[in-house]
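Welcome, and please open your viewer. We will go from stop to stop, with something to select at each one.

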Amino acid sequence: MLLVGSGGREHALAWKLAASPRVEALWAAPGNPGIARHARCVPIGADRLDALADFAARERIDLTIVGPEAPLVAGLADRFAARGLVALGPGAAAAELEGSKAFAKALMTRYGIPTAAYRTFTDPEAARRHCRAMGAPLVVKASGLAGGKGAIVCRTLAEAEAAVAACMEQRVFGAAGETVVVEELLEGEEVSAFAVSNGHDVVAFGVAQDHKPVWDDDRGPNTGGMGAYSPVPRVDAALERRILDEIVRPTIAALAREGRPYRGVLFAGLMLTAEGPKVIEFNCRFGDPECQALLPRVADDIVPLLDAAARGAPLPGAVRWTEDATVCVTLASGGYPGAYDTGFPIEGLEAAEAIPGVRVFHAGTAWRDGTLVTAGGRVLSVTATAPTLAEAIARAYEAAGRIRFERMHYRRDIGRKGLAPRPAGHRLA
């Protein structure tokens, strides 16, 4: 197998894939120091599509798992298919579901998939006029890929006008902000629901809750994710079935109907509103850091499911889950999600992983002269599994407290929302 990517999501995947008895050899491109514990890393960037295909052909790779979204949107799965290689991930046409929020919103509107009311703009003045007519609060989104940071919640019209300027005139998100989506602000609890599809059928792959804003109590700018936990008490088995039947299956069917068959992992970012679940956005891969929270709870070997989906073959039965809860806390560089420095030595990993149920997944690390150092905005994903959510939270933060690097920061409230009382008779999915 070949695993494409270099972040915390890919480290979690490498750990899970390496445990499969079906995997004889696992490569990672480019990988990271944590992934190197489970796979042979090769210095091929995730954006080098032809080089990845050449490597897969040369090494006779049976199955490639693509972690990040950018190579999928750029057509990596198509390049592999053209050469008779098997990769898990949608082709570029189907990956437009993440690559263009404007496309995703239009698709949902055509097929009656519940989402926020919206309009799309390529002219900043027209976008500003619409914001004024709509009134705050509202959300301004860069339509293209923005690393999870392109959705700006605007509580005032001044914030909305600043968001439009940042996207379309200041080009804070580069080409991703040339088109913006302006939509109503949905109220409720946000969750991430996952499924695996072979192009026509789907298998649910769990629910997690991400924490996007950089500071406690959901304050500050959005990040790529400051932590996650699973399961989510609010999402019982009945609600998970509703999400599958009202959102996931219709989306897969809609894409197939439009000649864009979707093989891979579908990630639906949802708001649980008073009217029911509504789509905030779609992603065409596992979430990061949701993947780190989900995989430790999976009781099965995931390789048969991923392999069947990639080949368009019949999917195995439902995924089996442990009864445990998992909490993932992201340790970030000072300044993230803005500018930050790297190269600071990291200490305390062995002490953190000595705590029962704790695994530390590497997200932005590197070796320098024999020392492990920071090499990204999100540096480590401290992940703890325990019989209860409260115990998992305690373990994760005990482990985080044993790790040190200069200017390290992290949220102190990951999982707290899941500790709220549940309705009588509520059962976890």
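**A tour in selections**

Start with Cys328, which counts as buried at 0% relative accessibility (buried means under 20% relative accessible area, with a 1.4 Å probe and protein chains only). The model is a predicted one, where local features need pLDDT of at least 70, side-chain atom pairs count only at pLDDT 80 or more, and totals for chains, interfaces and linings use all residues. Residues are numbered from 1 along each chain as its sequence is written, and side-chain values use heavy atoms, leaving out hydrogens and water.

How far is the sulfur of Cys167 from the closest cysteine sulfur? That sulfur, in Cys154, is 8.6 Å away, too far for a bond, since a disulfide is a pair of cysteine sulfur atoms within 2.5 Å. For Cys328, the nearest cysteine sulfur is that of Cys291, 9.7 Å away, and Cys328 is in no disulfide. A search of the whole structure finds zero disulfides.

Next, select residues 2–5 and 27–30: these are strands β1 and β2, parallel and joined by four bridges. Strands are DSSP runs of E, at least two residues, and helices are runs of H or I, at least four, numbered from the N terminus; two strands pair if DSSP finds at least two bridges between them. Look at Gly5, whose bridge partner in β2 is Pro30.

Widen the view to the open sheet of five strands, ordered β3-β2-β1-β4-β5 with parallel pairing. At its edges are β3 (40–41) and β5 (87–88), each pairing on one side only.

How values were computed
Buried < 20%, exposed > 50% of the residue type's maximum accessible area, 1.4 Å probe, protein only.
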